[in-house]
Each structure stands twice: as structure tokens, then as C-alpha cells.
Amino acid sequence: LLLGLGGITLFARMERRRSDPLLDTAVLREPGVTAGLTTVVAVMGAYAALLFSLTLHLQDDLGFSPLRAGFAFAAYAVGFATMSLTWRRLPPLPWPVVGPLALGGGALIIAALAENAWPLIAEPVLFVAGAGHAAGYAPVAARTVARVKAKHAPEASALLTTGSILASRFA
């Protein structure tokens with residue numbers, strides 16, 4: 001972590017000296033970018049933690065094989081895809097608030113399930129959790145990029161993507 005922070009500091013100093021920087025840090029001063037980036041990082045960090053802990057729970061506690069544990073996430077993926085494709089057509093709700101509540105609530109319900117309850121209860125709950133994840137991610141990412149000036153759109157998109165990846169690696 002210290003090497004990473006040192007690398008970021010070095011990168012920022014070098015970029016300030018360049019006339020055509022790789023990452024124009026002025027994008028961080030645009031309205032909503034820092035909040036959107038923070039939200040996306042938090043949602044993706046929570047998702048990575050859920051993946052890791054649920055996989056351990058399924059395999060160690062419930063005795064699922066690695067293949068069965070992997071297939072257990074299919075409902076989550078379908079929920080994420082469904083919400084990602086439809087959230088703009090749904091009633092205007094505070095999706096960045098509702099989404100993480102659905103994701104967190106789903107995770108708590110699943111943690112309490114026994115193996116024999118898995119197919120009946122967990123699959124619909126995972127669908128809702130996946131939809132909650134998308135509801136907390138897709139609208140925030142879309143609104144964050146939509147708010148920035150056109151010249152900063154590439155930087156905003158790159159920061160959101162990089163933040164998502166780093167959050168999943170450090171969660």
C-alpha cells in the first residue's frame with residue numbers, strides 16, 4: 001500500500017509538469033465526480049467482499065463444490081444485467097440508496113440460510129442483490145460521466161473504471 005501511495009504521488013507530480021497530461025486532474029474538481037467516484041468504489045468494494053465471503057460460505061460451510069458455488073452466482077448476474085438494462089425505465093427512486101440496501105439485505109439473508117434452503121430462497125435473494133448492486137452502480141456511473149464537461153469525459157470514465165478495479169482488488 002505504501003508503494004502504491006508513493007507511485008500515485010510520483011505520478012501526480014509528473015503529470016502536473018506535463019503540458020499534455022495523461023490524466024487531467026481538473027476532472028476531480030467537476031461537480032459530482034469525487035462523490036460519484038467514491039460511491040462506485042464503495043459499491044464495487046462491497047461486491048468484491050460479498051463474492052469472496054459468499055464463496056467461502058458456500059464451499060466451507062455449506063459444502064458446495066467449486067462448480068456449484070460458481071453456478072450459485074448466476075442469479076446474481078442475471079439480476080445485475082436486468083437492472084443495468086432497465087433502470088432508466090423504472091420509476092424515479094433514489095437508486096443509489098435503494099440499490100446498496102438491496103445488496104446488503106440480500107447478503108444478510110443469504111448468510112443465514114442453510115444448504116437445504118438454498119435453491120428456494122437464495123436464488124431470488126441473489127437476483128435482488130444483483131439488481132441492487134446494479135442500481136447502486138449504473139445510475140451513479142452514468143450520472144457522474146454525464147455531469148462532466150465533454151473534454152473530461154475520458155478521464156471520468158477512466159477514473160470510474162480504475163476505481164472499480166482497485167476496489168475489488170483491495171476489498
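How many residues does helix α7 have, and how far does α7 reach from its first C-alpha to its last? In this predicted model, α7 spans residues 153-170, has 18 residues and reaches 26 Å, close to the 26 Å expected at 1.5 Å a residue. The protein chain as a whole contains seven helices and zero strands.

**Overall architecture**
- Read from the N terminus, the elements of the protein chain follow the order α-α-α-α-α-α-α.
- The protein chain has 171 residues, of which 35% count as buried.
- Of the contacts between residues at least 6 apart in sequence, 76% join residues at least 24 apart.

- The buried residues of α7 are Glu155, Ala156, Leu159, Leu160, Gly163, Ser164 and Ala167.
- These residues lie on the same side of α7 because they cover an arc of only 165° around the axis.
- In general, an α-helix has 3.6 residues a turn, so residues three or four places apart point the same way.
- Pro154 and Arg169 are exposed, on the face of α7 turned away from its buried side.

**Nonpolar cores**
- The largest nonpolar core has 15 residues, and Leu54, Leu58, Tyr76 and Leu126 touch the most other members.
- Helices α2 (33-61), α4 (74-86), α5 (95-111) and α6 (118-147) each supply at least two residues of this core.
- Another core, of 12 residues, lies apart from the largest one and includes Leu37, Val40, Leu159 and Ala167.
- Beyond its neighbours within four places in sequence, Tyr76 is in contact with Tyr47, Leu50, Leu103, Leu126, Phe127, Ala129, Gly130 and His133.

Definitions and conventions: Residues numbered from 1 in each chain as written. Predicted model: local features only at pLDDT ≥ 70, side-chain atom pairs only at ≥ 80, totals over all residues. Heavy atoms only, no water. Helix = DSSP H or I, 4+ residues; strand = E, 2+ residues; numbered from the N terminus. Expected span 1.5 Å × (residues − 1). Buried < 20%, exposed > 50% of the residue type's maximum accessible area, 1.4 Å probe, protein only. Arc of directions from axis to C-beta. Contact = heavy atoms within 4.5 Å. Core = buried A, V, L, I, M, F, W, Y, C linked by side-chain atoms within 4.5 Å.
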